[in-house]
Protein chains: 4
Amino acid sequence: MTPGQTSSDISPASGTLNGRTHVLPIRVYYEDTDAGGIVYHANYLRFAERGRTEMLRAIGIELGRLRESEGLIFVVRKGDMEYLKAAALDDCLIVETTLAEIRGASVLLRQQISRLGDGDANEELFNFNVHVACMGPDGKAARMPSALRGEFEKLL
Amino acid sequence: MTPGQTSSDISPASGTLNGRTHVLPIRVYYEDTDAGGIVYHANYLRFAERGRTEMLRAIGIELGRLRESEGLIFVVRKGDMEYLKAAALDDCLIVETTLAEIRGASVLLRQQISRLGDGDANEELFNFNVHVACMGPDGKAARMPSALRGEFEKLL
Amino acid sequence: MTPGQTSSDISPASGTLNGRTHVLPIRVYYEDTDAGGIVYHANYLRFAERGRTEMLRAIGIELGRLRESEGLIFVVRKGDMEYLKAAALDDCLIVETTLAEIRGASVLLRQQISRLGDGDANEELFNFNVHVACMGPDGKAARMPSALRGEFEKLL
Amino acid sequence: MTPGQTSSDISPASGTLNGRTHVLPIRVYYEDTDAGGIVYHANYLRFAERGRTEMLRAIGIELGRLRESEGLIFVVRKGDMEYLKAAALDDCLIVETTLAEIRGASVLLRQQISRLGDGDANEELFNFNVHVACMGPDGKAARMPSALRGEFEKLL
């Protein structure tokens, strides 16, 4: 819980937290596709960010409040990604987000996007290892406040 | 139901159909906002299209199948829109979509986007009257097949 | 020229101002298209906003500086749009922006997007009448400072 | 030159090819930014794709024609990216794209996005190593036709 914020202020999160892994379902709309008939590659990063945002909301951190109350934003520093298969219009996707490591001013997450299949036959589409850093109002890396860090630690 | 398609083939729709009006909740993420600190104006059209897509799915029409099985796509022909208040990061929005009129090759819809408030105090943000036409594989306006038209008529 | 700003501070504008009409060429990339094989309808609003931004830069107004030095942003209040033909991948488009009217806290513009053809055979694709308002740091409509208003008046 | 295509059919490319490196200038608009006041991280991938597309156009390959005449599209398979500094509204960016390696069904490129500064003081913002594969109409990896491969080889 960040200062000035109580859990009752937080809007209901989407998705579910299963142990260390957050699971968010996402539907593919026309806006997400391109003329190749598949999801435009950069849009997997939008989906991944929705997954990270909902994982944070599930543990009591809301990004808008964090920016307003503490002047902190999270920014992507590094990422490596692998595209295995393509998603298409109307697909139901599952974004899985796992916190891998907490550092002083950043966190590492592993994310996977799959297509929801019949039964348990989900198909892996996209893997993403992403390093997200905490940035202060001056645009420089900022150590996470201990309350914020404590929220993350519950996930490990 | 379009030919070759059964209701059991349709993935579960998001949102709910209340009489003639479909209601879809949407969360605002960083991807939707701009440096003015609010939702980028063109993104309300993305939200509105999600609302129309889920309304169609709720009555048994899936856009990807329609394109594959019949070569038909829906395209926006005309729209007029009004922005009343701005949405911000983390807001919960409600997209309401009402079918207003069915013509031979097009439909008219009224859409409203509101911010979910406490109790029933939703705030109107955006109004959109939109004329959507059916287009065939030749890129020209196409009359809607009677099965498709019949699906729409259930909404009136 | 807004206070604290000199023309030499302004980066070079794209496009050209022909009398009251600004003309901006735009290329269609995969990011702009959707699985229908054409430009996604909401993206014409992105193109139109690029046209307005470059028209402003051509007369000495830069949106980022306006926000930082005066706390003012321009927001879309109303718009009506008509889609005549669809743009496709690799098309060269022309965004034409004409200032139609200046009011105390807002301006009206007419915009047209065409596909560049051989010779003078451009094809009209999209017409947009848009009402853009000046908004202050409190999120409310703000009268335009007279220097800003004076810049716009040169266009009439 | 792909079959059925002559260099005179190709629209004029943006940017310039300096030896093996293509250089494309890009302006940052409101659509590219987010509520953090900076360019949304996924949008660097859109900018990078514009750079790759214009590099291809400069050597006589147009993506829309390639898809229509040969049924081939290029898809991103892998990428690793590093964000060094953030771009902001109104920034002039430079996308540099260098072909690093040609394989049978894919190519590797190195891309860098910088902010255009005064004199030669450009600031590096984003580095991207990207592996792009050729995909056939069946959605599977496809060997590049020798004419297409030949075009790429001119860049090495």
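**Exercise 1.** Which residues does Glu96(C) touch, not counting residues up to four places away in sequence?

*Solution.* Before we start, note that this is a predicted model in which local features need pLDDT of at least 70 and side-chain atom pairs count only at pLDDT 80 or more, while totals for chains, interfaces and linings use all residues. Residues are numbered from 1 along each chain as its sequence is written, and chains are lettered from A and ligands numbered from 1 in the order in which they are written.

Step 1: two residues are in contact if their C-beta atoms, placed from the backbone, lie within 7 Å.
Step 2: with sequence neighbours up to four places away left out, Glu96(C) touches Thr21(C), Val23(C), Gln111(C) and Gln112(C).

**Exercise 2.** Work out whether Glu96(C) is buried or exposed.

*Solution.* Step 1: find Glu96(C) in strand S4 (residues 92-102) of chain C; strands are DSSP runs of E, at least two residues, and helices are runs of H or I, at least four, numbered from the N terminus.
Step 2: a residue is buried if 20 or more other C-beta atoms lie within 10 Å of its own, exposed if 12 or fewer, and partly exposed in between.
Step 3: Glu96(C) is buried because it has 20 C-beta neighbours inside 10 Å.

**Exercise 3.** Describe the side of chain A that touches chain B.

*Solution.* Step 1: chain A brings 17 residues to the contact, and chain B brings 17 residues.
Step 2: helix H1 (43-58) and helix H2 (63-70) of chain A are the elements giving two or more residues to this side.
Step 3: H1(A) gives the most, with four residues.
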